[in-house]
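Hi everyone, thanks for coming. Let me put the structure up on the screen, and then we'll walk through a couple of spots together.

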Amino acid sequence: MEGNGVRHEPGALTEEQAARMLAGMNEVIRAGEEMRRLRTEMIKLFAGFGWTQDKIARITEMSQPAVSKQMTRFAAGDPLPRLGLALDQHDAAWLEGRLWALAEEVAEALDAGRCAGFVGALARGRKRFTPESTDELRRLLEADLRLGGAELPAAFRAAYDEISRGLDTGPRPAAAGPAPDSAPDSAPAPASVRRTVARQLQRDRLRGA
């Protein structure tokens, strides 16, 4: 009998084994919570575009009452987030989103891409963007572009060079898009939203969409 009153039977799991077993579950739970927060921020962004609740519900695959409930939580008078949609922006979150998109495209194009594991870890919430992880992803992408360049479109290298120049020159303030006349106040969208939007825009650009 341990001092804490917990009996350890022969063959029982150790604390270390239990922690390892639950680690993956906890990562999924954390990732789910982060995605719910991100969806809420995206709904705020869509509201800033002037989109109706019905339209937002259709895009998010939520019910209209659920969207309405989300929107009523937004503080009265709190400026809705806005952002510019030009691909050439130079704040850190935007560039990280573009880098993420490029890594996804490279991972899908190469059979043994070095950045594939990193991309998978990002998707599962096991990795997050920090200055250190961004540098790691850049190194992996550089290796893939160098060794697998013959298999990849020239646009991939061009995109990487442009993103790298932006990261090397240092972060700049995030850009807010023009606010409609009915809502003159605006604030830059959160980093998670900017990263998400930049990721999608970069993937669309690389695919010619």
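Which residues of helix α2 are buried? They are Ile56, Ala57 and Thr60, in a helix that spans residues 53-60. Buried here means under 20% relative accessible area, exposed means over 50%, and partly exposed is in between, with a 1.4 Å probe and protein chains only. Helices are DSSP runs of H or I with at least four residues, numbered from the N terminus.

Before going on, a word on the source: this is a predicted model, where local features need pLDDT of at least 70, side-chain atom pairs count only at pLDDT 80 or more, and totals for chains, interfaces and linings use all residues. Residues are numbered from 1 along each chain as its sequence is written, and side-chain values use heavy atoms, with hydrogens and water left out.

Back to α2. On the other side of the helix, Asp54 and Arg58 are exposed. The buried residues pack against α1 (15-48) and α3 (64-72), where contact means heavy atoms within 4.5 Å.

Now for the charges. The whole structure has 14 salt bridges, each a side-chain nitrogen of Lys or Arg within 4 Å of a carboxyl oxygen of Asp or Glu. In one of them, Arg203 pairs with Glu105, with the closest N and O atoms 2.7 Å apart. That pair links helix α8 to helix α4, 98 residues apart. Arg203 is buried at 13% relative accessible area, and Glu105 is buried too, at 9%.

Glu105 also meets Arg207, at 2.8 Å from N to O. Arg207 is exposed, at 53%. Shared partners join Glu104, Glu105, Glu108, Arg199, Arg203 and Arg207 into one network.

Key:
Helix = DSSP H or I, 4+ residues; strand = E, 2+ residues; numbered from the N terminus.
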